[in-house]
Amino acid sequence: MSPTTLLPWLAALLFLAYGVQAALRPVAVTASPLPPLLLSLLFAGLSAAAVAQEGLFGFWPEHVRSLWANQIWVDLLLAAGIAWTLLLPRLRAAGMSPLPWFVLIACSGSLGLLLALARLSQREAQAGAAVGQ
């Protein structure tokens, strides 16, 4: 099995394991900036390899190839929009300027979302520590 065939299966299994584990957890754990930061670094590496091999806009031919490709593109945009909608009030509450984060997310997708979440988690942890003092 080639890496490009194996990677989607591995990512799907990790996603499912995370989703079930998080859903079954009795209480929410305070978010740490470390997991989204590590994921962003891993995804940045994968993205850099894709850009090096396919070019900066190599994703576009993939999304205009068929109706399924169109559906995947729209699905990604909807998922990013949902994540943005849920993240926005927390960004504002943490005193983070939303527009630069939206631009990063619009340009990089999940990579920008992960970085925004890591920074937000850091800000929230700092605010929680300041309140606890």
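Exposed means over 50% relative accessible area, and buried means under 20%, with partly exposed in between. These views show a predicted model.

**View 1. Arg65 and Glu62 form a salt bridge.** This is one of two salt bridges in the structure. The N to O distance between the two side chains is 2.2 Å. Arg65 has a relative accessible area of 60%, so Arg65 is exposed. Glu62 is at 39%, which makes Glu62 partly exposed.

**View 2. A salt bridge joins Arg90 to Glu124.** Their closest N and O atoms lie 2.6 Å apart. Arg90 belongs to helix α4 (residues 67-93), and Glu124 belongs to helix α6 (residues 110-132). The pair therefore ties together parts that are 34 residues apart in sequence. Arg90 is partly exposed, at 33% relative accessible area. Glu124 is also partly exposed, at 30%. Side chains of opposite charge can pair when their charged atoms come close.

**View 3. Helices α4 and α5 cross at roughly 150°.** Helix α5 covers residues 98-108. The two axes come within 10 Å of each other. Angles over 145 degrees count as roughly antiparallel, so α4 and α5 are roughly antiparallel to each other. Their crossing is right-handed.

**View 4. Residues from both helices make the contact of α4 with α5.** Helix α4 contributes Trp84, Leu88, Leu91 and Arg92. Helix α5 contributes Pro98, Trp101, Phe102 and Ile105. Seven residues of this contact are nonpolar, one is charged and none is polar.

How values were computed
Residues numbered from 1 in each chain as written. Predicted model: local features only at pLDDT ≥ 70, side-chain atom pairs only at ≥ 80, totals over all residues. Heavy atoms only, no water. Salt bridge = Lys/Arg side-chain N within 4 Å of Asp/Glu carboxyl O. Buried < 20%, exposed > 50% of the residue type's maximum accessible area, 1.4 Å probe, protein only. Helix = DSSP H or I, 4+ residues; strand = E, 2+ residues; numbered from the N terminus. Axes fitted to C-alpha atoms, helices over the stretch in contact; angles between N-to-C directions. Parallel < 35°, antiparallel > 145°, perpendicular 65-115°, else oblique. Left-handed = near helix turned anticlockwise from the far one by under 90°. Contact = heavy atoms within 4.5 Å. Nonpolar A, V, L, I, M, F, W, Y, C, P; charged D, E, K, R; others polar.
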